[in-house]
Structures are given as structure tokens and as C-alpha cells.
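Student: I would like to learn how to read a structure like this one. Please take the features in turn.

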Amino acid sequence: MDENLMMIWQKCLQFMRDNLNAAEDNSDLKKLEKSFDLLFDKVQPISLVDNNLTLMVPSDFYKEYIEDNYLSLLSAALKKNIGKGVKLWYSVMENKPNGLEKPVTMNMKGKTVPTPKVQETMPQGFSSNIVNPFVVPGIKKVNIDSNLKSDFSFDNYVEGESNKFAATVARSIAKRPGATAFNPLFLYGGYGVGKTHLGQAVGLEVKSQFPDKVVLYLSSEKFIQQFISAAKAHKQTEFANFYQMVDVLIIDDIQFLSGKSATQDSFFHIFDYLHQNGKQIILTSDKAPADIMDIQDRIVSRFKWGLSAEIKSPDYETRKQIIVDKLSRDGIVLTEDMLDFLASEAKTNVRELIGVINSVIAYSTIYKSDLSLELLKETINKIAANQKKIINIPYIQEVVCDYFGIKREQLLSKTRKREIALPRQLAMYFAKEFTNSTFTKIGEEMGGKDHSTVMYACETIKDVSKIDKEVKKYVKELTERIKQ
């Protein structure tokens with residue numbers, strides 16, 4: 001190892017250690033320092049070339065833990081001891097194979113995994129800023145970031161009965177983007193089942209096989225924000241022109257276009273242009289095309305032009321394989337009974353399962369504890385006990401129904417009886433107060449009510465609670481219950 005590099009790295013570590021937590025008392029600081037030393041004891045700098053610093057880490061967990069907990073502090077240390085513009089790279093180390101003296105470094109393709117490649121220079125007049133992709137005077141050449149995450153590759157995607165069909169189609173598209181019958185590809189399913197991962201996997205593979213193609217991933221919320229900014233600046237044409245240059249467009253949670261008529265109009269014309277010119281479109285949603293409310297019929301019909309593929313919650317065997325694959329990349333081996341326990345714990349979606357796995361990895365790595373089934377159960381129980389209830393519309397409905405002693409079916413019905421109508425209006429009011437849902441989204445969740453009905457309910461509760469002591473009491477007590 002370069003002695004000069006090692007000296008720089010030691011200075012960086014000392015800087016981070018000195019700035020861990022100046023405000024905490026000594027006992028807490030000692031705990032922080034112990035955790036810090038345990039983590040960075042296994043991290044080594046291996047090269048510093050053209051302001052690109054490469055760190056060797058024992059596993060993916062170390063990389064993720066550093067970026068989640070120490071990135072700001074590490075960036076400050078690098079800036080102080082090396083200078084501005086230092087780029088951080090990781091070389092992930094596998095377990096040492098039998099018969100080899102040195103460990104083997106790896107990533108998805110055997111090299112250090114970089115941020116997805118910056119795309120080609122675009123024509124004059126277009127901005128690379130995904131937040132505001134419009135004409136910027138004076139900028140002649142710009143680049144577009146794909147917004148893809150390297151972890152979301154096909155290599156890291158575990159296939160099972162719940163997603164096999166969708167994954168097979170996605171791989172086919174990645175080989176011939178825009179040239180298959182699967183355009184658009186419409187992926188739908190519940191929260192956390194892997195829709196985003198699969199959509200981005202196509203984008204990553206396309207960039208690998210066809211570097212000159214322009215790939216762009218973004219959420220529908222980002223698309224909506226961009227359109228609103230363009231409309232206010234009278235730059236709708238520039239907005240459309242920007243998207244017409246994309247070869248593979250991947251939009252997440254397209255259902256949030258619901259009720260956005262002006263944005264839908266713009267999306268419709270962008271969709272038509274891309275489709276007619278052989279560009280690939282990939283959309284994800286929590287609902288099938290026909291089940292999305294307040295979307296123009298002409299757009300729904302285009303959703304159905306290609307292929308709609310449902311991704312369901314992973315079955316037991318798939319969950320178990322996800323655990324094995326994830327832990328093996330981090331050098332952790334569990335017994336069969338421990339694997340069975342983990343696979344049975346997270347039944348709803350992949351995201352929940354990954355969260356449980358990461359917690360197990362963290363416990364094992366940071367505290368150097370030998371995992372047993374009993375310790376595993378104890379750890380998972382602690383995690384469950386510390387998790388807060390997520391405030392979403394179904395949860396609000398549950399609290400309101402319990403408070404008034406009515407059934408959810410009654411709450412979502414069309415009856416106008418006061419003993420049901422008032423709780424329904426309160427549920428709508430709290431849904432708007434405690435979530436980021438639109439009036440349209442709340443209406444959908446409240447039994448298919450119109451957005452104007454939700455708006456009226458929210459205004460009614462606001463006004464009546466100021467003059468009616470009983471309603472004011474309901475609002476106060478329900479607010480406390482929901483927050484709990």
C-alpha cells in the first residue's frame with residue numbers, strides 16, 4: 001500500500017473520530033468511538049488516482065453502512081485532507097476461497113461498481129438538471145443522469161413464481177429495447193414487491209449493452225413537478241422536447257397522474273412520440289391499468305398496447321432465496337432453522353424482508369456476535385417493538401372505525417346516515433391532514449368517492465369543529481389516537 005495514501009487515510013480517520021459527537025457526554029462518545037473503530041478497522045484505502053479514492057470493504061453491508069451513517073463526515077474529512085471534488089469508490093471483498101492466499105474483490109461484474117454511466121452529450125439548449133430539464137441560456141453541452149441505482153441489477157434480482165413472468169419479459173426488453181411487442185411494459189403490484197428494481201434492471205442492462213442510448217428513470221411525482229414548473233414558466237414545449245430525446249423512459253408509480261388532467265395531456269403526447277419512434281417505455285403502478293381512477297381513457301388504452309405484468313408478494317421459497325443471496329454477499333451463513341424463521345417473518349413484501357436482513361447483518365457485524373436462533377428471534381422482536389405504526393389511509397380508517405364502533409364496510413359504503421357519514425368525513429379529513437395523498441387518492445381509498453366529495457368533507461370538518469363541541473372533541477381525541 002502507498003505509504004502516503006495510508007498517512008492521508010489515517011488523517012481522515014482521525015478527523016472523523018474527533019468530530020464524531022462533540023456534544024455528547026463521554027460515555028456516549030466512547031460507544032460511538034467503539035462502533036466507529038469496529039467499522040473502519042476493516043476498511044482500507046487501496047488507490048487514489050485523479051481524485052478518485054477507492055476503499056476496500058469486506059462486504060456490501062460496510063459500503064451501505066458507511067454511506068448511510070458516515071458519508072457527510074467522510075466527505076468533510078476528504079475535502080480537508082485531499083481537496084475538493086474527491087470521488088469515492090468501493091471495492092467489495094468476497095470470502096477468501098480455499099487455496100488462495102488473498103481475498104477476491106468483486107462487484108456486480110467483477111470491477112468496482114460506479115454510479116451508472118453519464119449519458120452522451122445532448123444538443124445545444126437542453127439542461128441536464130432532472131429537476132428542471134429545460135432551456136438554459138449559455139449552456140452548449142450537457143449530460144443527463146439516468147438516475148439508476150447499480151444495486152438494482154438483474155444479477156441482484158431473485159426470481160420466483162411471483163415475478164418470473166415479469167422478469168422474463170424484462171430481460172427480453174433489455175436485449176431489444178423498443179423493438180419487442182412489450183411496449184409499453186406496465187408492471188403492477190403491491191408495495192415493495194420489486195417493481196422499481198425490475199424497471200431499473202432493464203435500464204442498467206440497456207446502458208451496459210447500448211451505451212449510446214439515453215435511459216431515464218424518475219418517479220411520477222418528479223414528472224408532475226417538472227411539468228408544473230414548465231407550465232408556470234411557459235416552457236411546455238421545451239419540457240416535451242426534453243423527453244422526446246429519451247430512448248428508454250422508466251416512470252415509477254404512474255397511478256399518481258390520477259386527477260392531473262394537464263399533466264396527463266403532456267404525458268399522452270410524449271408517450272405517443274416515443275412509441276411511434278421505437279423508444280421503450282416502462283411504467284410501474286400499484287394498480288392494473290383499468291383500476292386507476294381519473295386517468296384519461298386514451299391513456300389507459302395506451303397502457304394496454306404492450307404488456308401488463310403483475311408482480312405478487314414473494315412466496316416462501318422466493319423469500320428464502322432472497323435471504324440466502326443477500327447474506328452470502330455479506331459473508332454471513334445461517335442454519336436452515338434460522339433461514340426458515342427469517343423467511344416466515346416477512347410475508348408481505350421484499351422491502352420489509354430486506355429491512356429485516358439488514359438489521360441481522362448490522363447486529364452480527366457491529367457487535368461481533370455469533371448468531372443463534374434464539375438471538376435472531378430476540379433481535380427481530382426488538383426491531384418489531386421499536387417500529388412505529390405507519391400513518392396511512394387504511395390505518396386512519398382502522399382508528400376511526402374502532403373509535404365509533406363501526407365496520408370498515410360501513411365506512412366505505414354510500415349511506416348518508418349521520419352515524420356513518422360523520423366518521424367517513426372525519427376519516428377523509430385526517431387522511432388529508434396526516435398523509436400526502438391527493439383528494440383523488442383519498443376518494444379512491446374511501447370507496448370510490450369523487451375528489452369534490454373529499455374536499456367538501458375536509459372543509460366541513462374544519463368549519464364545524466370550530467362551533468360544535470362534540471365534533472371538536474372527536475377531532476382532538478382521534479388526532480391523539482392516530483398519532484399514537
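Tutor: Start with Gly192. This is a predicted model, and at 4% relative accessibility Gly192 counts as buried, because buried means under 20%. Gly192 is found in the loop between strand S5 (185–188) and helix H6 (195–209).

Student: Which residues does UniProt place in the feature "binding site"?

Tutor: The unreviewed UniProt entry puts that feature at Gly192, Gly194, Lys195 and Thr196. Gly192, Gly194, Lys195 and Thr196 are also part of the lining of the second largest pocket. Such an annotation may be inferred rather than shown by experiment.

Student: Is Lys195 buried or exposed?

Tutor: Lys195 counts as buried, because its relative accessibility is 8% and the cut-off for buried is under 20%. Lys195 is found in helix H6.

Student: What does Lys195 touch, leaving out residues up to four places away in sequence?

Tutor: A contact here means heavy atoms within 4.5 Å. By that test Lys195 touches Leu187, Tyr188, Gly189, Gly190, Thr284, Ser285 and Ile311. For Gly189 there is a polar detail: its backbone oxygen lies 3.1 Å from a polar atom of the Lys195 side chain.

Student: How do I read backbone angles? Where is there a cis peptide bond?

Tutor: Look at omega for the peptide bond. The bond joining Asn183 and Pro184 is cis, with omega about 5 degrees. Pro184 is found in the loop between helix H5 (164–175) and S5.

Student: And phi? What is its value in His234 and in Asp253?

Tutor: Phi of His234 is near 55 degrees, a positive value in a residue other than glycine. Asp253 likewise has a positive phi, near 55 degrees. His234 sits in the loop between helix H7 (220–232) and helix H8 (236–244), and counts as exposed at 68% relative accessibility. Asp253 is in the loop between strand S7 (248–252) and helix H9 (261–276), and is partly exposed, with a relative accessible area of 24%.

Student: How do I describe two helices that pack, such as H15 and H17?

Tutor: Give the angle, the axis distance, the handedness and the residues in contact. H15 (residues 393–404) and H17 (residues 418–434) pack at about 145 degrees, with axes 9 Å apart. The contact is made by Ile393, Ile396, Val400 and Phe404 of H15 with Pro423, Leu426, Ala427, Phe430, Ala431 and Phe434 of H17. H15 passes H17 in a right-handed crossing.

Student: What about the whole chain?

Tutor: The protein chain has 20 helices and nine strands, and 45% of its 484 residues count as buried.

Terms used:
Residues are numbered from 1 along each chain as its sequence is written. This is a predicted model: local features need pLDDT of at least 70, side-chain atom pairs count only at pLDDT 80 or more; totals for chains, interfaces and linings use all residues. Side-chain values use heavy atoms; hydrogens and water are left out. On a 1 Å grid over the protein atoms alone, a cavity is a set of points where a 1.4 Å probe fits but cannot get out, and a pocket is an open set with protein on both sides within 12 Å along at least five of seven lines; lining residues have an atom within 4 Å of a point. Helices (H or I, at least four residues) and strands (E, at least two) are DSSP runs, numbered from the N terminus. Buried means under 20% relative accessible area, exposed over 50%, partly exposed in between (1.4 Å probe, protein chains only). A polar contact is a pair of N or O atoms within 3.5 Å; within protein, one must be able to donate a hydrogen and the other to accept it, and residues adjacent in sequence count only if both atoms are side-chain atoms. Axes are lines fitted to C-alpha atoms, for helices over the stretch in contact, and angles run from 0 to 180 degrees between N-to-C directions. A crossing is left-handed if the near helix is turned anticlockwise from the far one by less than a right angle, and right-handed if clockwise.
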